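Here are a few quick questions on a predicted model. Have a look at it before reading on.

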Amino acid sequence: MESLIYSPLPSKIARSISVQPQGSKAAEAFVNAFLKRSMPALAEEDIQTRLNRKAVILEYSHKKMKRKKKPKTKGLTAKERRDMRLFEIKPEQQRYEMFVPLHELWKQYIRDLCNGLRPDANPQMIQTKLLKADLHGALVTVTKSKCPSYVGLNGIILQEMKHIFKIITKEDKLKVIPKVNSVFCVEIDGFLSYIYGSKFQLRSSERSAKKFKAKGSIDL
């Protein structure tokens, strides 16, 4: 096989492709001259060393450009957000009628989430999805609480934090209700879902991965 590879081209083929056959010495001289032109920075001895059973790169290799890491934008801390009062609801905005459209959007969101809330839907499935859903805009009622003054309060949830709900009542009053030791009822299209606040002390973004027990308990 090697004899076929390194054998000279037949004269007929050489003439057809306009190649002049060269002897071994002429070919060796051509290769050495070509390598000197391709690698001018190397001495002849170095070129011969690289030719001994090693692959030779005849073109200059491009240096890989190091990508500069973009500096990460640092967000505001919790204290900075509090100092700037980013989540404060101004008194002129504490009006129940302003948030009725938000409640309507929330109802449509829940209907889409629960595939229409059909009468034959599984109540346990709806309960599970409601517990993991975003409750901003939900209409809730406090059914039980260790503090009697909270019982019976009804309003739209404007803000949910880890330990509290902020709701706006029909009397345009903003109420802050602690989740602990309270039971909340959420009603939509005739379905009632009860939320045990003591087991619900999570941020809304953390609930999607939380597994809730089928039945809660509260110590009042």
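Q: How many bridges join strand E3 to E4?
A: Strand E3 covers residues 164-169, and E3 and E4 run antiparallel. One of the residues to look at is Ile167, which has its bridge partner in E4. The number of bridges joining E3 to E4 is five.

Q: Which residue in E4 is the bridge partner of Ile167?
A: E3 and E4 are joined by bridges and run antiparallel. Looking across to E4 from Ile167, you land on Lys175.

Q: Which strands stand at the edges of the sheet?
A: The sheet is open, with six strands paired antiparallel in the order E4-E3-E2-E1-E5-E6. An edge strand has a single partner, so one side of it is left without a neighbour in the sheet. That picks out E4 (174-178) and E6 (191-196).

Q: What does the twist average from one strand to the next?
A: Go through the open sheet in its order, E4-E3-E2-E1-E5-E6. From one strand to the next, the twist averages 40 degrees.

Q: At about what angle does helix H6 run to E5?
A: Helix H6 takes in residues 100-113 and lies across strands E1 (139-145), E2 (154-160) and E5 (182-188). Against E5, helix H6 runs at about 80 degrees.

Q: Is His103 buried or exposed?
A: His103 sits in helix H6. Beyond its neighbours within four places in sequence, His103 is in contact with Gly137, Ala138, Leu139 and Ile156. Its relative accessible area is 9%, and the cut-off is under 20%, so His103 counts as buried.

Q: Which residue has its backbone oxygen 2.9 Å from a polar atom of the His103 side chain?
A: The contacts of His103 include Ala138 and Gly137. The backbone oxygen at 2.9 Å from that side-chain polar atom belongs to Gly137.

How values were computed:
Residues numbered from 1 in each chain as written. Predicted model: local features only at pLDDT ≥ 70, side-chain atom pairs only at ≥ 80, totals over all residues. Heavy atoms only, no water. Pairing = 2+ DSSP bridges. Helix = DSSP H or I, 4+ residues; strand = E, 2+ residues; numbered from the N terminus. Axes fitted to C-alpha atoms, helices over the stretch in contact; angles between N-to-C directions. Contact = heavy atoms within 4.5 Å. Buried < 20%, exposed > 50% of the residue type's maximum accessible area, 1.4 Å probe, protein only. Polar contact = N/O pair within 3.5 Å; in protein donor to acceptor, adjacent residues only side chain to side chain.
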